[in-house]
Amino acid sequence: MWKYLLKRFALMFPTLLGVAVVTFILIRVIPGDVVELRLAGDRGSVSDEMLNAERIKFGLDQPVWRQFVTWIAGAARLDFGTSMWTGSPIWDEIRLRFALSFQVALMSTIVAVLLAIPLGVIAALRQDTWVDYTVRIFSIAGLATPSFWLGIVFILALLILFKWLPPMVYTPIWVNPWQNLAQLIWPALAVGYRYSAVATRMTRSAMLEVLREDYIRTARAKGLVEKLILSRHALKNAMLPVLTVIAIEFAFLIGGLVVTEQVFNLNGVGLLFVQAVAHRDYTLIQALVMLVAGIFILMNFLMDIMYAWLDPRIRYR
Amino acid sequence: MAINPAIDVAAEGLADTPHGGWRAAVADFCRRRPLGAIGAAVVVLMLAVAVSAELVAPYDPVAVDFGAMLTRPGVQHWLGTDAFGRDVLSRLLYGARTALLVGFGSALMGATGGAIIGVGSAYFGGKIDLYLQRLMDIFLSFPLIILALALVAILGNSIPNVIMAITIPMIPRSALVIRSSALAIREMPYVDAARAAGFGHARIIMRHMLPNVMAPYLIMLTAFLGQAILLESSLSFLGLGVQEPTAAWGLMLRGAAVDFAESAPWMAIFPGLAISLAVFAFNLFGDSLRDALDPKLRTL
């Protein structure tokens with residue numbers, strides 16, 4: 001088992017390195033650079049010497065491979081440098097925004113799990129009845145409704161029905177939990193619905209598969225109470241793929257909330273990414289991508305550990 | 001043509017009758033999977049509207065009419081007008097054109113690109129497979145929207161470029177699924193036979209492997225259609241996709257639609273409904289298609 005996990009662990013690094021290389025190249029292909037945008041801005045006239053002086057300051061005059069080596073040497077020590085746009089350290093730029101996105105992602109996950117697992121199980125147990133159809137339509141609709149539009153509808157409904165708007169300024173949960181939740185529950189609900197749709201469908205199909213297994217029939221044959229069959233035999237075995245889907249979605253949510261953050265005026269990681277791209281803030285883009293991809297890759301690794309732990313067939317491979 | 005027998009294979013899978021033919025397969029699909037048939041009908045309807053937008057739309061979608069700004073839905077303008085006095089219904093109908101163009105364009109290219117890489121990867125195996133898989137892993141580590149955003153920034157935001165930006169993140173996702181189907185096919189005796197008969201790699205891949213991954217291919221394709229439409233609307237909502245004054249659903253939700261949401265809610269409601277309905281129809285159809293072709297395969 002240790003050998004397997006070690007191999008999995010080692011495999012994370014080439015992927016991360018690959019992500020770093022791809023990002024490094026991609027962002028340098030985007031037309032225009034940070035120096036030009038910051039100094040020349042709205043077509044102000046700036047001499048080429050000044051632009052070049054700035055480029056030298058950021059090391060942008062170096063060949064790309066050398067820039068990469070410098071950057072990766074820092075990244076290996078978790079030093080991502082300073083933002084090329086604002087000049088403040090990357091970690092200061094990211095910290096609070098990450099806390100925000102992380103919280104929304106976590107709250108959406110809670111919403112999704114609370115909806116998905118009961119709905120998925122019920123749909124599987126009542127397969128091909130109206131219950132199943134209702135759940136399926138509800139979840140297909142969840143996949144079809146853009147979260148950002150659902151967000152707009154929420155805001156609109158609150159405004160028209162209660163003459164109330166959620167707070168538009170972010171308060172960290174440790175400052176004022178009530179204010180914080182009043183703001184973040186809406187994006188969490190909007191995103192959680194779509195997210196729950198993914199998880200409901202997985203729960204349903206995993207349950208359907210498990211319910212056809214021999215050990216379920218055995219459990220029924222020996223007269224076990226249906227409730228125990230479901231909780232102890234069926235659900236436990238069906239949860240593995242569901243957990244995987246939830247974990248992967250969670251990892252993607254941290255960086256992937258771009259549009260929802262825009263609607264709710266949340267200054268999260270996604271919005272920061274859009275701004276960073278608009279400013280061609282290479283260091284910031286690079287750090288954000290590494291953060292988001294790193295979480296995704298780490299999540300995958302954790303899932304591997306869990307699978308190996310829960311499933312002896314993998315453990316002894 | 002390698003494609004025709006392939007589609008027949010798929011159609012047979014649909015109907016579960018070896019000699020049903022196309023019409024029988026369609027009839028059977030409608031009877032057994034009414035939800036899927038409804039989805040397909042909505043898709044066909046949207047296609048018809050998108051193609052004939054000039055004939056169906058009551059107004060010019062880009063015609064500005066400052067006399068009729070923010071008109072409520074009524075006899076003149078069924079779904080009201082926006083902040084420039086443009087007819088919302090007409091913009092929705094023309095928007096279907098943008099959505100379906102981007103949807104079909106990127107889903108088709110994404111699923112096909114993935115199929116080629118997936119089948120090639122499985123067929124050649126060894127080092128090629130390993131390197132291709134690692135490459136796919138790298139691209140899979142980016143959230144879909146983040147990669148699409150970066151690509152739009154690089155390519156620019158004309159419709160073909162938006163299609164490209166949505167296609168590229170989809171390729172590794174379809175390659176992953178199709179590779180696993182192709183791995184099983186590679187072990188089939190007929191592939192060995194073809195190799196023994198001295199056929200080249202290209203011929204074996206085109207004639208023997210590709211037709212047999214049609215089921216997962218079609219499933220990925222329909223799953224991508226909805227996703228591509230959602231992604232396109234997200235991009236244009238952020239102002240990074242198709243640009244004004246082109247009619248696009250995401251674009252219609254942007255700016256004024258939110259600013260005037262309280263006094264003119266129709267501007268925010270209808271485009272969102274259009275997106276949801278379109279994606280819903282594609283998913284409904286795609287789900288039933290998946291159940292009919294390959295119930296074991298999971299998409300989303």
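Visitor: Which residues does B:Ala148 touch, leaving out those up to four places away in sequence?
Guide: In this predicted model, B:Ala148 touches B:Ala165, B:Ile166, B:Pro169, B:Leu231 and B:Leu235, once residues up to four places away in sequence are left out.

Visitor: OK, and what's the largest nonpolar core like, which residues have the most contacts inside it?
Guide: That core has 170 residues. B:Ala148 is back again, listed with A:Leu288, B:Val119 and B:Leu149 as the ones with the most contacts inside it.

Visitor: Switching topic: how many residues does each chain put into the contact between A and B?
Guide: Chain A gives 38 residues and chain B gives 34 residues. On chain A's side, the largest share comes from H7(A), with eight residues. By class, that side of chain A has 30 nonpolar, seven polar and one charged.

Visitor: So what does H7(A) pack against in chain B?
Guide: One partner is H14(B), a helix covering residues 266–293. The two pack at an angle of about 145 degrees, with axes 10 Å apart, and H7(A) passes H14(B) in a left-handed crossing.

Visitor: Which residues actually meet there?
Guide: From H7(A), it's A:Trp149, A:Ile152, A:Val153 and A:Leu156. They meet B:Ala268, B:Gly272 and B:Ile275 in H14(B).

Visitor: And what's the split by class for H7(A) with H14(B)?
Guide: Six nonpolar, one polar and no charged.

Visitor: Now chain B as a whole. How many helices and strands does it have?
Guide: Chain B has 14 helices and zero strands. Its C-alpha atoms fill a box of roughly 75 × 45 × 30 Å along the principal axes.

Visitor: What percentage of chain B is buried?
Guide: Buried residues make up 49% of the 300 residues in chain B.

Visitor: Last one: in chain B, what share of the contacts between residues at least 6 apart joins residues at least 24 apart?
Guide: That share is 70%, counted along the sequence.

Notes
Residues numbered from 1 in each chain as written. Chains lettered and ligands numbered in written order. Predicted model: local features only at pLDDT ≥ 70, side-chain atom pairs only at ≥ 80, totals over all residues. Contact = placed C-beta atoms within 7 Å. Helix = DSSP H or I, 4+ residues; strand = E, 2+ residues; numbered from the N terminus. Nonpolar A, V, L, I, M, F, W, Y, C, P; charged D, E, K, R; others polar. Buried ≥ 20, exposed ≤ 12 C-beta atoms within 10 Å, placed from the backbone. Axes fitted to C-alpha atoms, helices over the stretch in contact; angles between N-to-C directions. Left-handed = near helix turned anticlockwise from the far one by under 90°. Core = buried A, V, L, I, M, F, W, Y, C linked by C-beta atoms within 7 Å.
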